[in-house]
Every structure is written in C-alpha cells, then in structure tokens.
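Subject: Structure handover

Hello,

Here is the structure for your files. My notes on what was found follow below it.

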Amino acid sequence: AWDDEGKARVKAAVLARELEMPPEEVQRRLEAVAQLLPPLREKLLVMKTAELGPLVADVEGLGHRVVRLRLLFPSADLPRLMGRNKFLLTESLEAVEARVQRALALCPSLDMAG
C-alpha cells in the first residue's frame, strides 16, 4: 500500500530528475512551498509535477509572488485563495493585476482594502 511518505518520496524523485537537483533539496523546497502556502500541503502529493516543478524550482520567486498578491488582495486568506485558484501560482502578476482592475471597473463598490 502506498502511504503519503512513499508518495512524497516518489514525487520528490521525479521532480529531482526533472529539475536536475538532489532529492533532498527538492524535499527541502517542497517543505518551503508548504510553509508559504499551508493549504497546499495536502495537495502537494496530488499536484501534477508540471504545476509543482516551477514552484519548487523557484521558491524565492514564490515568496515574492505571495508578497505581491498580498498587496493586491490585502484582506484575503491568500494561501487558501492561491490553493483554490492555481492560476495565481503561475499566471503573470501583471495579468492577475489586470484581471483585478477589470473586476473593480465592473464593480466599483468592491472594497479591496478590507
């Protein structure tokens, strides 16, 4: 039977091969991703490596993304929002900001400041 630990080792091995880095480094980075976005922790095992790879490859960039998104969505439960809307993890921040601006133009009564 596959337990979560076994699945995590396999996922780390696949990512390590794809990213050309040691499995231990991938595991460390996976933990950093989970710390940045706790709601993703349970999804890490089921996320496709194509989705997870860029996050693991650039944890620092993910941290910067979280900060920029916090400025766009100051009162949001950001980790939950990002976990449920994976485009926030990958789409350019300029495109996300443009979406927000379009929504605000359509609904000026929205209070984005909280």
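R28 and E25 meet through their side chains in a salt bridge, 2.6 Å from N to O. The term stands for a side-chain nitrogen of Lys or Arg within 4 Å of a carboxyl oxygen of Asp or Glu. Both residues sit in helix α2, three residues apart, so about one helical turn separates them. E25 is partly exposed, at 22% relative accessible area. On that scale buried is under 20%, exposed is over 50%, and partly exposed lies in between (1.4 Å probe, protein chains only). E25 and R28 also belong to a salt-bridge network with R29.

Some ground rules. This is a predicted model, where local features need pLDDT of at least 70 and side-chain atom pairs count only at pLDDT 80 or more, while totals for chains, interfaces and linings use all residues. Residues are numbered from 1 along each chain as its sequence is written, and side-chain values use heavy atoms, with hydrogens and water left out.

Other salt bridges

The count comes to six. One of them joins R41 to E31, with the closest N and O atoms 3.0 Å apart. R41 is partly exposed at 41%. E31 is partly exposed as well, at 34%.

Another bridge pairs E94 with R68, at 3.9 Å between the closest N and O atoms. E94 belongs to helix α7 (residues 93-106) and R68 to helix α4, so the bridge ties together parts 26 residues apart in sequence. E94 is exposed at 53%. R68 is partly exposed at 38%.

Fold

The chain has seven helices and zero strands. Both are DSSP runs numbered from the N terminus: helices are H or I with at least four residues, strands are E with at least two. The C-alpha atoms fill a box of roughly 50 × 25 × 20 Å along the principal axes. Of the 114 residues, 33% are buried. Taking contacts between residues at least 6 apart in sequence, 56% join residues at least 24 apart. Contact here means heavy atoms within 4.5 Å.

Core

The largest nonpolar core has 29 residues. Such a core is a set of buried Ala, Val, Leu, Ile, Met, Phe, Trp, Tyr and Cys residues joined through side-chain atoms within 4.5 Å. V26, L52, L62, L69, F73 and M82 have the most contacts inside it. Two or more residues come from each of α1, α2, α3, α4, α5 (78-84), α6 (87-90) and α7.

Take L62, in helix α4 (residues 59-72). L62 is buried, at 3% relative accessibility. Beyond its neighbours within four places in sequence, L62 contacts V33, L36, L37, L55, M82 and L89.

Pocket

The largest pocket holds about 230 Å³ of space. A pocket is an open set of points on a 1 Å grid over the protein atoms alone where a 1.4 Å probe fits, with protein on both sides within 12 Å along at least five of seven lines; lining residues have an atom within 4 Å of a point. Its volume is the space filled by probe spheres set on the points, which are joined across faces, edges and corners. The lining has 13 residues, with A8, Q27, R41, L44 and L45 nearest the centre. Helices α1 (4-19) and α2 (23-36) are the elements that give two or more residues to the lining.

Best wishes
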